[in-house]
Each structure stands twice: as C-alpha cells, then as structure tokens.
Amino acid sequence: MSSRRLSAVNDFVVKFANVNGSGSASANALFAKSLLRMGVPCAPRNIFPSNIQGLPTWYEVRVSEAGWLGARGGVDFMIQMNPQTWDKDVASIEPGGYLFYDSTRALPKSKFRDDVTTLGLPLTEICNAAYKDPRQRQLFKNIVYVGALSFLLSMDAETIETLIAEQFKGKDKLIAPNVEAFRMGRERAKETFGEPIGLVVRKSDQVGDKIFIEGNSAASLGAVYGGATVCAWYPITPSTSLAEGFTRWCKKFRIDAATGEQRFAIVQAEDELASIGMVLGAAWNGARAFTSTSGPGISLMSEFLGLAYFAEIPAVLFNVQRAGPSTGMPTRTQQCDVLACAYASHGDTKHVLLFPEDPYEAFEFGAQAFDLADRLQTPVFVMLDLDIGMNERLCKPFEWDPNRKLDRGKVVTAEMLENGFEFGRYLDVDGDGIAYRTYPGTHPTKGAYFTRGSSHDRYARYTEDGAAYVDSVERLLKKHATARTLVPAPQMIDAAQPTKTGALFYGSTSPAMQEALSMLNKDGLQVDGLRARGFPFADEIKAWIERHDQIFVVEQNRDGQLRTLLTAELGIDPAKLVSMVHFDGSPITARFIHGAISKALQPANVEPRRRIAS
Amino acid sequence: MSFLPKPKLHHPNLPTNKLGYTRRDYEGTISTLCAGCGHDSISAAIVQAVFELEIEPHRIAKLSGIGCSSKTPNYFLNPAHGFNSVHGRMPSVATGANLANRELIYLGVSGDGDSASIGFGQFAHAMRRGVDMCYIVENNGVYGLTKGQFSATADRGSKSKKGQVNADEGIDLVQMALSLGATYVGRGFSGDKEQLVPLIQGALLHRGPALLDVISPCVAFNNHEGSTRSFDWVRAHNEAVNRLDVIVGRDEIVHAQEPGTVDEVTQHDGSVLRLRKLAPDYDAHDRDGAISYLAERKRAGEIVTGLLFVDPEPSDLHAALRTPAAGLNRLGDAELVPGAAALAAVNASLR
Ligand SMILES: Cc1ncc(C[n+]2csc(CCOP(=O)(O)OP(=O)(O)O)c2C)c(N)n1
Ligand code: SF4
Ligand SMILES: [Mg+2]
C-alpha cells in the first residue's frame with residue numbers, strides 16, 4: 001500500500017474502464033446520478049474509441065462541489081474492469097490515487113504501482129457464487145462494484161437504493177435483486193477494506209433544480225419546440241442520437257392520441273446530399289425542417305448550401321462536430337468545422353452559426369434556430385460537438401415562455417396578395433436585406449415565382465445582367481448584417497479588476513474556460529472572458545476586442561478557426577489575437593487553459609498547477 | 001390574372017375549361033431552348049394535360065434539376081411555384097416538398113443525365129420510397145446543356161455527333177423504376193403527343209411514384225444518323241403497347257374504343273384509365289411481365305412506349321409515415337409546440 005493517499009471531499013475524478021456491451025453503462029450512470037441526488041455536481045464523459053479491438057469504453061466522472069463541469073484531466077480513482085486496457089489505465093492514475101479491480105485472478109506485483117492504493121475485490125467469484133445464469137453474473141457484477149464504490153466513497157446507500165427503484169420502475173421484479181446485489185457489494189467492501197478511503201462524497205446542496213441530459217437529446221427537444229416537422233438525416237457519429245432523440249420526443253408529443261396521426265415526418269435519407277435536399281424542399285414549401293450531421297456530412301451538403309444561401313431557403317443544420325479531417329477520430333471531440341460551416345459551398349457564401357455551451361443552450365438555440373432560419377431565409381447551423389452532444393451534462397432547467405410564438409418570418413399570404421401587396425421575391429421592402437416569400441400553392445394567380453440557383457433579379461426572373469447580380473449578392477450581405485443583430489449576444493465574464501487581457505471562447509470550451517478564469521483570478525492574474533454565441537459576430541464582440549490589448553482565442557481545433565473568422569470578418573489585427581488551441585480529441589481542460597495562459601502572461605515564474613487534493 | 005409575363009390575348013373565343021381557365025393560363029414564359037427541341041413538345045403536352053384535367057395550375061409544384069430539360073418548368077404553368085434545384089438532386093427536393101405539403105401535386109422534370117448519371121441514386125430512392133409525384137425524364141441520350149456528351153441512357157453502340165461510339169451499357173429508367181417499386185410506369189415520345197398527353201394525365205392523377213421516360217430528341221446534339229434517340233430512329237423503332245385515355249370521373253366518355261382491346265383501370269381518385277391495347281397480350285398490371293417484355297423487345301431493337309405498369313391501389317411515403325391529411329406546413333403553434341407545462345414535466349424527469 002502506498003504511503004501517500006489522496007483525500008478530498010466532493011472534488012475528485014473517478015474513471016470506469018469497461019468492456020463495451022457488458023452492461024456497465026447503466027451501472028455507471030447510476031453512480032453519476034447518485035452523486036447528483038446527493039446534491040453534489042458531477043460531469044460524466046463517455047470515452048469510446050471507434051475501432052480498437054476488444055471494444056474498451058471508459059466512463060469518467062468528475063465530482064465537483066464547486067460545480068466545475070469541464071474535463072479536469074487525470075484520474076484519482078480507477079475502477080478497472082477491462083484487463084485489455086490495464087497497463088494504460090493504471091499508468092493514468094494520479095500519484096496517491098486508488099485502483100479498484102476484480103481480484104478473482106491473481107496478478108503479478110509488476111502490474112501494480114507503489115504510489116497507488118490497490119483495492120481488489122473478487123467480483124467474478126462473488127457473482128459466480130451468488131448467481132447461476134451467466135448473463136446475471138455479468139450484469140450484477142456492475143451493480144456489485146457500484147455497491148463497493150458507494151462504501152469506499154462514503155456514499156449514502158439509501159439514495160442509491162431509491163434510484164435503483166426508480167430506474168426499474170415498471171419492471172418491478174428487477175428492483176429487489178438489484179438492491180440485493182448493491183448491498184452485497186457494499187458489505188463485501190466493508191468486510192474486505194474495513195474503512196472508506198480518503199475520497200469522500202458528502203451530501204451537499206449544489207445541484208438545486210438543475211437537470212441532467214445529453215446535448216443531442218436537448219437539441220432535438222429544441223427542434224420539437226421550434227416547430228420542426230420534417231427531419232431528414234443520415235447516420236453519423238456523433239450526431240445520430242440527435243435524430244433519434246427527435247424521434248423519441250415526437251413520439252411523446254406529436255402523435256394524435258385519437259387517430260394515431262403523426263405530426264412529423266422523419267426520413268432516413270440515402271446520404272447527406274439527399275438529407276439537405278429534403279430539408280430545402282420542405283422548408284421551401286413552408287415546413288420547418290432540419291438535418292443532423294457531422295463534418296463529413298457538411299462536406300457532402302456543400303453544393304446545396306450554396307443554393308440555399310443564394311435562393312434564400314431556410315434550413316437548420318445541427319452539426320455535432322468530431323475530430324477531422326476525413327474520418328479523423330470519429331468518436332473524439334473537436335470544434336473543427338467552424339470555417340467549413342461559416343463559408344460552406346462555392347462562390348461567396350456566409351452562413352449563420354450558433355454556438356451552444358451546454359444542453360440548456362442546445363435546447364434554446366435548437367428552437368431559436370428555426371425562427372432565425374425562417375426570419376433570415378437562410379441556413380442556420382447549430383454547432384454542437386461530441387463533448388456536449390453525447391454526454392449527459394448538468395445544466396439549468398429548460399425554459400419556455402408560454403407567450404412565445406413561432407416566428408415564421410416574412411411570408412405573404414393569399415389575403416395580402418388579394419389586398420394588393422406588391423410581391424417581388426427578392427425585393428428588399430423593409431431595408432433589412434430580407435425579402436418576402438410565398439409558399440407554393442398560396443394563390444391561383446398571384447405570388448408564384450421560380451426558385452433557382454442561377455442569377456435572378458428582384459422579381460426572381462433569370463438574368464445574367466452584372467448589375468442585377470451585384471444587386472442581389474450585396475443584398476445578401478445586408479441580410480447577413482441583419483443576422484448580426486439577431487443571433488444570441490455574447491456573454492462576458494469580467495476579471496476582478498479592470499484588465500486589457502482577455503480570453504475569447506465558444507461552445508463546449510465554456511466549462512473548462514470558466515474554471516480556468518477562476519484559477520487565474522485566484523493567482524491574481526486578471527483576464528476578462530468573452531463567450532461568443534453566434535456568427536455573424538455581434539457588435540459587442542468587436543467592441544470588447546477593441547477594449548483589450550491581448551486576447552487569447554481558446555478553441556478546440558488546430559488552426560484557430562474562430563480566430564481566423566474574427567480577423568477576416570471584423571478586420572482585427574491578427575497580432576492581437578493569440579491562438580490557444582487544444583486538438584488531441586479529448587475535451588479541453590481548465591488545467592490546459594490555465595497553464596497556457598499563465599505561461600503566456602508570466603513566462604518566468606509558473607509552476608504547473610495541479611488541482612489534486614493531497 | 002395580372003401576373004403572367006407572357007402577353008395575353010383575351011380572345012373571346014379562346015376555349016376555357018370548367019374552371020374558367022384558358023390554355024394560356026397553363027403556359028409559361030417563352031422557351032429559350034433550340035427550335036425543334038423535343039423538350040418543348042413535352043412542355044406543350046404538360047400544358048395540354050393540366051388544362052384538360054382542369055387542375056388549377058397553382059395546385060401543382062414544379063421541380064427540376066439542372067439541364068436543358070430541367071429548365072423547362074419555366075416554360076409551362078406560370079401560376080405554379082417552380083424550383084430549379086441542383087444537378088441530379090430534384091428527387092430529394094421533391095421528397096422534402098411533398099413531406100411538407102401533401103396537398104399539392106408534384107411534377108418533377110429531369111433529364112437523362114440528371115436522373116441516370118449524377119442523380120441516379122436520388123432517382124432510385126425517390127422511387128423506392130414511394131414519393132407521390134409525377135416524375136418525367138426528358139430523355140435525349142445526351143447532355144444537351146453541356147453540348148452533347150453521352151449520358152448514361154445512351155444505348156451501347158450508338159454514335160455521338162462527333163462520331164464517338166458509346167461503349168457503355170445504357171440504363172433504362174423504365175426498367176429501373178419497375179424494379180424499384182414505382183406504381184405507375186410509362187414511356188412516351190415527345191413526337192407523339194396523342195399518346196403522351198394522357199400518359200402525363202394518368203401520372204398526375206396517380207397517388208404514388210409515377211415515372212415517365214419520354215424520349216425527346218436533342219436537335220442540336222443527338223438527331224443524327226447513328227443516334228438511337230433521333231426522331232427518325234424513334235419513329236422507326238417505336239413499339240406502342242397501348243394508347244391511353246384518361247377519364248376524370250365527371251366527364252362523359254368521348255373516345256371511341258377499339259372493340260375487344262380495351263382495359264379499364266380505375267385509379268384511387270376515381271379517374272379511369274382506358275388502355276387501348278395495341279399489343280393484345282400486353283398486361284399493364286403485371287410488374288414482372290413488364291420487366292421481361294421490355295427486355296425481350298429491347299433485344300429485338302424496339303423502343304416500347306405506352307403505359308407499361310400501373311398499380312391501381314398505390315401506397316405512398318405519407319401512408320408509411322402516418323402524417324395527417326392536411327399538409328404539415330399548415331400546422332400551427334398549438335399542434336407543434338408542447339408548451340411550458342410539458343417542459344416542466346420534462347425537466348422533472350431529468351433530475
Ligand atoms: C454538380 C454539377 N456538375 C456538372 C454540371 C454541369 N451540367 C449541367 S447540365 C449537365 C447535363 C445535363 O444533361 P441532362 O440531364 O441529360 O439534360 P439535357 O440538357 O440533356 O436536357 C451537366 C453535366 C452542373 N450543373 N452541376
Ligand atoms: S441542346 Fe438539345 S436538349 Fe438542349 S435545348 Fe438544344 S435541342 Fe434541346
Ligand atoms: Mg439529356
């Protein structure tokens with residue numbers, strides 16, 4: 001046993017190393033949810049390589065009384081249930097940390113570390129003795145280790161047992177055996193280890209009314225609230241669960257109880273070209289439509305996106321980003337499609353992007369995207385990523401103003417046409433760059449027009465006249481400027497004292513950045529934060545950049561894509577914007593940001609700071 | 001009627017249909033295609049077909065891809081909305097449009113390059129998915145708009161204007177549509193309006209995926225000797241299996257029938273398709289039979305035209321999706337947004 005042992009209350013990282021398909025996912029989720037029920041914030045993350053033999057998966061839970069939900073890095077307590085990944089897993093434990101494993105089969109001493117406390121429990125043996133059915137032996141093994149863990153971490157047994165009962169509600173027969181397995185693990189741990197370890201979960205009140213949900217599920221609920229009726233998609237990790245989520249929510253909310261009629265249409269298309277084609281056809285025809293995809297899908301949709309931009313057809317795209325280029329690391333996270341989406345397609349194009357930070361905003365922007373798309377008559381991208389999309393995250397409860405109405409934008413009705421409305425499909429009547437449109441079939445003789453990707457005049461007539469072309473693409477710029485005032489405004493986090501140094505970030509970098517800013521503040525380093533939430537950039541962003549002398553642009557891609565967008569679109573001196581990038585496919589951490597910014601601000605005297613309880 | 005760009009002569013004697021529309025109301029802007037292009041004849045057939053069917057022109061949505069053929073929706077049905085999309089992708093756009101509003105009639109116009117080359121996948125999936133639409137391929141065996149390259153429907157061995165011989169097997173979209181589950185499949189010839197107009201009418205009334213392959217000679221690039229899509233070749237090799245009359249429920253039956261060779265098909269909307277059979281053994285209800293008949297006639301060097309298959313009880317994508325009878329685009333906040341109370345319940349379930 002090691003001499004130095006980590007001890008901490010509600011502030012550590014637990015990681016489960018499992019074999020895919022062993023039924024561990026629900027046990028691990030039970031663990032995370034128990035923490036929340038005890039009032040202790042936590043942030044779990046699934047780590048699932050796409051193509052490694054033996055299909056290992058990891059589930060990492062950051063426990064944080066302070067509510068820091070970004071990945072921390074490092075592991076304090078490893079629950080090692082997959083012999084295949086043993087060596088790497090053991091090596092990743094922090095000095096003074098703990099290793100819990102199935103000790104049924106003895107392992108040579110060389111497989112352990114001196115500076116890590118080893119906690120072996122013969123899980124296989126216990127389950128083989130208790131259960132006959134091989135499937136049960138496997139499934140209950142997971143609950144047994146949750147029981148053991150609950151003892152070691154001093155967790156409240158009652159909370160967990162209540163949760164088990166909730167989890168199996170409706171399948172009540174399963175409650176008692178699961179509770180039994182849980183108790184068995186807890187008791188065996190007590191017999192074997194005697195004492196809990198130094199990492200302690202203590203009841204708290206830091207969760208409040210927060211909810212716990214995956215970003216993809218939240219975004220698809222946003223689509224339901226945003227009035228989407230048509231979803232066309234093609235499976236691709238990590239976006240698949242978004243379309244599946246939409247299916248689930250629609251089944252809950254959009255099926256007529258009496259007739260069984262479905263107030264939605266979901267089509268799994270033959271590819272992403274067809275997905276976006278269907279979205280455009282539906283939106284052209286007045287339905288709210290979206291697709292969900294990831295980088296490779298965006299590439300395929302590119303030609304159609306030019307058409308949508310130029311012919312001015314609404315569309316909503318949820319891009320759940322993953323590490324590219326090409327297949328890249330399909331199960332790893334990045335923010336690497338910012339430029340690909342901002343300028344998607346050939347010719348001069350610019351699109352509208354929204355950057356949600358968590359499931360709350362995934363819902364919020366997911367709904368808002370449909371209003372924006374209809375209002376602006378153009379594609380709108382909701383830029384999620386794997387980290388937000390595929391992990392359950394603690395966030396504010398969703399809100400919906402009962403008086404809120406779907407904003408369909410500028411649509412001319414039959415009545416308006418009858419009353420003499422002068423309809424020109426590309427006529428800028430209001431001076432905001434946005435013209436009026438009609439839905440097909442509106443009126444027998446008025447309001448029809450021909451939609452095309454070729455150059456058109458203000459009345460949608462084909463033209464190759466240079467002046468008419470310039471007129472229409474310049475109006476699109478004006479419309480883009482209008483978009484600037486409609487996308488969500490940035491959010492600022494001011495340092496304790498006035499400063500000329502800032503950090504600009506967006507999307508899933510948010511939790512790590514918030515924590516890093518707090519760490520910097522504790523160090524006495526003054527750094528203001530700005531979280532961009534939309535593109536085109538709101539005026540406040542430019543003003544904020546102008547107020548600062550040095551700005552770190554923190555993002556999760558190699559090339560500093562948002563930084564490029566800022567310099568290109570706002571005319572900012574690139575020297576002022578320091579790129580700070582993290583792009584190995586793991587979620588960015590506060591440790592990384594804090595280290596990089598500290599080093600940049602005071603290169604001489606930084607000690608790498610480690611937030612390990614000791 | 002103030003918005004038709006074409007000058008309208010209100011000739012008092014211009015015949016009107018029951019809706020009070022003249023044929024002019026079904027026309028489009030003036031064609032910019034080559035004089036004599038087969039595609040223009042098809043546009044004229046569409047105008048006549050819809051006028052005679054007495055469908056209000058704005059109840060049709062016209063969609064197309066890219067090509068000379070795909071330009072034509074501009075040349076008919078001006079009061080209808082049109083969508084000239086991207087090359088080969090009309091089927092997906094039409095699918096989406098149809099999903100949004102099943103109450104309109106969808107008329108897709110495409111070319112052989114558009115549907116058999118770049119858009120072959122989308123063509124296939126629209127058919128197998130059962131999109132309720134009239135899908136017309138204006139088939140000239142070449143890429144007209146890009147000046148005469150072979151398309152994927154060009155017959156093996158046919159000669160291009162520049163003298164090149166096509167070495168690749170030609171795709172027969174009629175064969176494809178039959179095996180992909182289209183429920184109304186026919187072939188016409190732009191030069192035979194009498195056969196073509198009822199074929200289009202039947203397809204527009206059909207409530208399922210209807211495919212019409214219309215041989216449409218390109219006078220600029222594919223009307224020479226050695227071409228198998230020239231007027232002369234098609235005239236000489238056309239083998240019509242039947243002639244069609246479409247009788248909308250309310251009309252008197254006016255056409256004289258050839259005794260003993262008439263087959264009546266009542267479509268779902270009550271309209272009757274009367275098939276005057278020219279090939280006495282031809283059965284338009286036999287999908288497999290149609291496939292082998294086509295193959296057999298092809299070996300004999302013939303281009304079979306007529307209504308090759310019809311399923312009088314078609315189903316479509318909406319039936320599978322169980323969508324309401326009214327268009328999804330008509331649903332309002334109350335039907336779409338679950339509301340604040342439902343959201344509070346969702347929140348509660350996520351704690
Ligand atoms: C993505 C893309 N590639 C190529 C083209 C160029 N292009 C325009 S029309 C056409 C061929 C059209 O052939 P077809 O569909 O047979 O129509 P036709 O002109 O013969 O009626 C091509 C290749 C294009 N518009 N888009
Ligand atoms: S090039 Fe051929 S297909 Fe195109 S308009 Fe001329 S004749 Fe018609
Ligand atoms: Mg062609």
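1. Angles under 35 degrees count as roughly parallel, over 145 as roughly antiparallel, 65 to 115 as roughly perpendicular, and the rest as oblique. Such angles run from 0 to 180 degrees between N-to-C directions, and the axes are lines fitted to C-alpha atoms, for helices over the stretch in contact. Helices (H or I, at least four residues) and strands (E, at least two) are DSSP runs numbered from the N terminus.

2. This is a predicted model, in which local features need pLDDT of at least 70 and side-chain atom pairs count only at pLDDT 80 or more, while totals for chains, interfaces and linings use all residues. Residues are numbered from 1 along each chain as its sequence is written, chains are lettered from A and ligands numbered from 1 in the order in which they are written, and side-chain values use heavy atoms, with hydrogens and water left out.

3. In chain A, helix α7 (residues 215-225) packs against helix α12 (residues 359-376) at an angle of about 30 degrees, the axes being 7 Å apart. α7(A) and α12(A) are therefore roughly parallel to each other. Contact means heavy atoms within 4.5 Å. Among the residues that meet are A:Leu221 and A:Tyr225 in α7(A), and A:Phe363 and A:Phe370 in α12(A). The contact residues divide into 10 nonpolar, three polar and no charged. Here Ala, Val, Leu, Ile, Met, Phe, Trp, Tyr, Cys and Pro count as nonpolar, Asp, Glu, Lys and Arg as charged, and the others, Gly among them, as polar.

4. Chain B has a helix pair too: the axes of α6 (residues 173-180) and α9 (residues 287-299) come within 10 Å and cross at roughly 160 degrees. α6(B) and α9(B) are therefore roughly antiparallel to each other, and their crossing is left-handed. B:Val174, B:Gln175, B:Ala177, B:Leu178 and B:Ser179 of α6(B) make the contact with B:Arg287, B:Ala290, B:Ile291, B:Leu294 and B:Ala295 of α9(B). These residues divide into seven nonpolar, two polar and one charged.

5. Which residues coordinate the magnesium ion (ligand 3)? They are B:Asp112 (OD), B:Asn140 (OD1) and B:Val142 (O), at 2.1 Å. Donors are N, O and S atoms within 2.8 Å of the metal (3.2 Å for Na, K and Ca); water is not among the atoms, so sites may look incomplete. The donor residues are spaced D-x27-N-x1-V in sequence. B:Asn140 is buried at 3% relative accessible area, and B:Val142 is buried at 5%. Buried means under 20% relative accessible area, exposed over 50%, and partly exposed in between (1.4 Å probe, protein chains only).

6. A:Val207 sits in the loop between β8 (199-200) and β9 (211-214) of chain A. A:Val207 is buried, with a relative accessible area of 8%. Not counting residues up to four places away in sequence, A:Val207 touches A:Leu36, A:Gly39, A:Val40, A:Pro41 and A:Leu394.

7. Most residues other than glycine have a negative phi, and most peptide bonds are trans. The bond from A:Gly324 to A:Pro325 is cis, with omega near -5 degrees, and the bond from A:Phe535 to A:Pro536 is cis, with omega near 5 degrees. A:Ser154 has a positive phi near 60 degrees and is partly exposed at 31% relative accessible area. B:Arg322 has a positive phi of about 55 degrees and counts as partly exposed at 45% relative accessibility.

Methods. A crossing is left-handed if the near helix is turned anticlockwise from the far one by less than a right angle, and right-handed if clockwise.
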